[in-house]
Structure formats: structure tokens, C-alpha cells
Amino acid sequence: MTVTGATRPAIPDRPTRPTRLTGSDGEQALAILGPQATALVKELDRIFTGWGLADGAEEISAPPLFPVTDLEKFDVYTNFPHLAWVAGSLELTDDQFKPVEGKFGPGAVTEARYGLPHATCYGAYLFHEGGQVADDSLVTLVNRCFRNEDHYSGLRRLASFQMREIVALGSFDHTQEVLARFTGRIQAFAAALGIELGREAAGDPFFQNDSGRALMQKLSPVKYEFQYGDLAIASVNTHRNFFGERCSIRLDSGEHAYTSCVAFGLERWLAVLTEHFDADLAAALDAVRAAAPDAVRGAVPTDVRTAAQDSQAPAAAESP
């Protein structure tokens, strides 16, 4: 029977959990993003991807893990053993396939043939391995990155996070021009959002501290981070022809390709915007959409333009 004029009782608004943090042994090492946080991260990624596509980048998709033999080409396990995660299947012969107290003990996992990357750009170099690229090639991709940190702090420092990268392959001049343009865009975007970012030269952990390359890098930095306080949320990185040599990527001239990349830590941007907008993610989303056009028109800072023209940095490999 239908009652004319009857109204349903009002359902109270339920607060939306922005993010749920979880991890082993109570650590806040992993994040499950709620609807608003997911929408904001997707919008940020759409904007950063759009910058690359507008410059002619082609988008590719990479898997979240690679053969150890592939990552080993980049000295990952020599210089980043403290960050590395590896994956193997369970050893089933001795009934060791059940975890004890939330963990698989020694001997429960077979030989680890796959590695979880700590940077997105590796997929771009492996995609072009053994191939030839134009002097002005540009690729963009996003991937899950994994880092075995000594501590975690929610969205600011996670064991698994998303990194969008724009990767330049080709002539050295091309790789530097891309970094200069994106430096201007990043700074203009942050300014339009009212966020103050510092641009700091950063040490490249790829090189051992006592190596000649590490010493040369101190004289001519190959990595700059954009920092909100003490948190780096984006970076621009020069590799010279390291990845071109390791993956045998060549130019039309036969020379090994030079590379550079621009990296955006998406959850870190979310952390900064959450703080800056007092956890009002709807307001943050509106602000991000409004700021995006200003970023595309961002001018290249004079010091960056000069560095791109005059840089004679030594050959370097970089992990964003």
C-alpha cells in the first residue's frame, strides 16, 4: 500500500574517510585512498600527464615488477640494497605456505626472480632497450614504486606509492630543454595553488659516496627536488647517456641516447594539498583544476634556462 505524501526519513551524512593507513606490525606504510583522495590524485595525474602529452609524449604502461636481471642492469642492487623489495613464489614442498604471526619465515619463499622497482622511469628504458629513438623522443608513464624505508609516515613516506614520470630520450639538448620547461610548470602550478616550493640540488643515491661520479655531481648537480618544507614532491633528473648505454638505446647518428626525467610523487602531492587546504579535499580539487592552466603558461626560470644551455654535467644515472 502506498501512503500519499509520505516522506522518507532523512539519512544523516556519513563522514567520508579520506585515507586508511595500514602496514605490517602496525606501521603506517600503505595507504588505501578514499573517494575524495582518489579523485584528487587522479586529477593531479591527469594534469601532469597532460603536460607531457601536450609536448608530444607518448604514453606507455609498465608492469609493477620486473625481472631481477632487468633491474640489475641499472646497479639497483649494488647501490640501493636498503630500498629493494623482491618477490618470489611460496615454497610448497614442506607445507610452509601458511604465514606465522603475519609473516613468512626464512625458507618459505623460493628464489626471488622478480624485483619491485623504486622508480617509474625504468620501464621507459626497458621498453626502448635495443632500439633506436629520435633526437626529441618523449614518453610518459605512471607506476607503483616500492621502497623499503627505515621508517614510514603515512602519505609523506610510503612503502608503495604512485609516481608519474615524463621521460626524455634523445639528444642532450633535448633532455635539458624538457627539464627546463617542466621546472617552470611545476613552479607556476605551485604558485597558483599558493604553495611555496623550494628547488634544492639533491644528492643522487645511485652513486656510491666515494665514487668519482658522486664527487663530480657535487660540482654539477644532476638532480633537483621541489620541496614543501622537508618533503620532496617532484624532481627533475639528468642521466646523460647512462641508461642509453645500459639498454643499448641509440640515436639515428648511432650515438647512445641521452635521457632525463621529471617525477611526481602523487601521494606526496596529496599529503601537501591535504595540509595546505586543512583537509578540505573538495576545495583542494577545485584549486588544482583552476591552477592547471596557469602552470602550462609558466615561464622557464632564467637560472634553469642558462643551466640547460650551458650544462656539461658528467654522465650520470638517476633514480627519481
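Me: Quick one to start: is Phe 189 buried or exposed, and what is its relative accessible area?
Reply: Phe 189 is buried, at a relative accessible area of 0%. Buried means under 20% relative accessible area, exposed means over 50%, and partly exposed is in between (1.4 Å probe, protein chains only).

Me: What kind of model is this, and how are residues numbered?
Reply: This is a predicted model, where local features need pLDDT of at least 70 and side-chain atom pairs count only at pLDDT 80 or more, while totals for chains, interfaces and linings use all residues. Numbering runs from 1 along each chain as its sequence is written, and side-chain values use heavy atoms, with hydrogens and water left out.

Me: How many helices and strands does the protein chain have?
Reply: The protein chain has 10 helices and 12 strands. Both are DSSP runs numbered from the N terminus: helices are H or I with at least four residues, strands are E with at least two.

Me: And what share of the residues is buried?
Reply: Buried residues make up 46% of the 320 residues in the protein chain. On contacts (heavy atoms within 4.5 Å), residues 24 or more positions apart account for 74% of those with a separation of 6 or more.

Me: Why is the pair of Phe 189 and Trp 269 called tilted?
Reply: Their planes are at 40°, with the ring centres 5.7 Å apart, so this pair counts as tilted. Trp 269 lies in helix α8 (residues 266–276) and Phe 189 in α5, so the pair ties together parts that are 80 residues apart in sequence. Trp 269 is buried too, with a relative accessible area of 1%.

Me: Switching to helices. At what angle do α1 and α5 cross?
Reply: Roughly 150°, with the axes of α1 (residues 35–54) and α5 (residues 172–193) coming within 11 Å. The axes are lines fitted to C-alpha atoms, for helices over the stretch in contact, and angles run from 0 to 180 degrees between N-to-C directions. The two helices are therefore roughly antiparallel to each other. For the labels, under 35 degrees is roughly parallel, over 145 roughly antiparallel, 65 to 115 roughly perpendicular, and the rest oblique.

Me: Which residues of α1 and α5 make the contact?
Reply: On α1 they are Leu 44, Ile 47, Phe 48, Trp 51 and Gly 52, and on α5 they are Phe 182, Arg 185, Ile 186 and Phe 189. They divide into seven nonpolar, one polar and one charged. Here Ala, Val, Leu, Ile, Met, Phe, Trp, Tyr, Cys and Pro count as nonpolar, Asp, Glu, Lys and Arg as charged, and the others, Gly among them, as polar.

Me: How do α1 and α8 cross?
Reply: Their axes come within 10 Å and cross at roughly 120°, and the helices are therefore oblique to each other. The contact uses Ala 37, Leu 40, Val 41, Leu 44, Asp 45 and Phe 48 of α1 with Leu 266, Trp 269, Leu 270 and Leu 273 of α8. That set divides into nine nonpolar, no polar and one charged.

Me: Last topic, backbone. Where is Glu 101 found, and what is its phi?
Reply: Glu 101 is in the loop between β5 (85–87) and β6 (114–116), with phi near 55°, a positive value in a residue other than glycine. Most residues other than glycine have a negative phi. At 77% relative accessibility, Glu 101 counts as exposed.

Me: And Arg 240: buried or exposed?
Reply: Arg 240 counts as buried, at 16% relative accessibility. Arg 240 is in strand β11 (residues 231–240) and has a positive phi of about 50°. Just after α8, Asp 278 takes a positive phi of about 50°.

Definitions and conventions. Rings of Phe, Tyr and Trp (its six-membered ring) pair if their centres lie within 6.5 Å; planes under 30 degrees apart count as stacked, over 60 as edge-to-face and the rest as tilted.
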